[in-house]
Amino acid sequence: AEAGGAGVTAREREIARMVAEGLTDRDIAAQLNISPRTVDRHLRNLFQKLGIANRAALAAYAVRRRWL
């Protein structure tokens, strides 16, 4: 899954970028006008799609993919 981030939506990329910038779920939710639960769901989807386990790994992935 790591190879190309296949299947990652534009919204998921946006959230990954915000995580990499250090924003909390609550911060992300406020900026995107969605609920923190929705942010959490996007993150769980990302973790599964990319085969990663946590926010730090997601941030590193986003940096490597030049999503920032």
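In this predicted model, Ser 35 is partly exposed, with a relative accessible area of 34%. Ser 35 sits in the loop that joins α2 to α3. Between the C-alpha atoms of Ser 35 and Ala 57 the distance is 23 Å, for a separation of 22 residues in sequence. The loop between α2 and α3 also holds Asn 33. Asn 33 has a relative accessible area of 72% and is therefore exposed, the threshold being over 50%. The phi angle of Asn 33 is positive, near 60 degrees, although the residue is not glycine. Most residues other than glycine have a negative phi. A positive phi near 60 degrees is likewise found at Arg 66, also a residue other than glycine. Arg 66 belongs to the segment that follows α4, and with a relative accessible area of 71% Arg 66 is exposed.

The relative accessibility of Glu 12 is 3%, and because the limit for burial is under 20%, Glu 12 counts as buried. When residues up to four places away in sequence are left out, the contacts of Glu 12 are Gly 7, His 42, Asn 45, Leu 46 and Lys 49.

The packing of helix pairs was then considered. Two packed helices are described by the angle between their axes and the distance between the axes. For α1 and α2, the angle is about 130 degrees and the axes are 10 Å apart. These two helices are therefore oblique to each other, and their crossing is right-handed. On the α1 side the contact is made by Arg 11, Glu 14, Ile 15, Met 18 and Val 19, which meet Ile 28, Gln 31 and Leu 32 of α2. Sorted by class, the residues in this contact are five nonpolar, one polar and two charged.

For helix α3 (residues 36-50) and helix α4 (residues 55-64), the axes come within 11 Å and cross at roughly 65 degrees. α3 and α4 are therefore roughly perpendicular to each other. The crossing of α3 with α4 is left-handed. In α3, the residues in contact are Leu 43, Leu 46, Phe 47 and Leu 50, and their partners in α4 are Arg 55, Leu 58 and Tyr 61. This contact comprises six nonpolar residues and one charged residue, with no polar residues.

The largest nonpolar core contains 19 residues. Within this core, the residues with the most contacts are Ile 15, Ile 28, Leu 43, Leu 46, Leu 50 and Leu 58. Each of α1, α2 (25-32), α3 and α4 supplies at least two core residues. The greatest contribution comes from α3, with five residues. Ile 15 touches Ile 28, Leu 32, Ile 34, Val 39, His 42 and Leu 43, with residues up to four places away in sequence not counted. His 42 is thus listed among the contacts of Ile 15 and also among those of the buried Glu 12.

Definitions and conventions: Residues numbered from 1 in each chain as written. Predicted model: local features only at pLDDT ≥ 70, side-chain atom pairs only at ≥ 80, totals over all residues. Heavy atoms only, no water. Buried < 20%, exposed > 50% of the residue type's maximum accessible area, 1.4 Å probe, protein only. Contact = heavy atoms within 4.5 Å. Axes fitted to C-alpha atoms, helices over the stretch in contact; angles between N-to-C directions. Helix = DSSP H or I, 4+ residues; strand = E, 2+ residues; numbered from the N terminus. Parallel < 35°, antiparallel > 145°, perpendicular 65-115°, else oblique. Left-handed = near helix turned anticlockwise from the far one by under 90°. Nonpolar A, V, L, I, M, F, W, Y, C, P; charged D, E, K, R; others polar. Core = buried A, V, L, I, M, F, W, Y, C linked by side-chain atoms within 4.5 Å.
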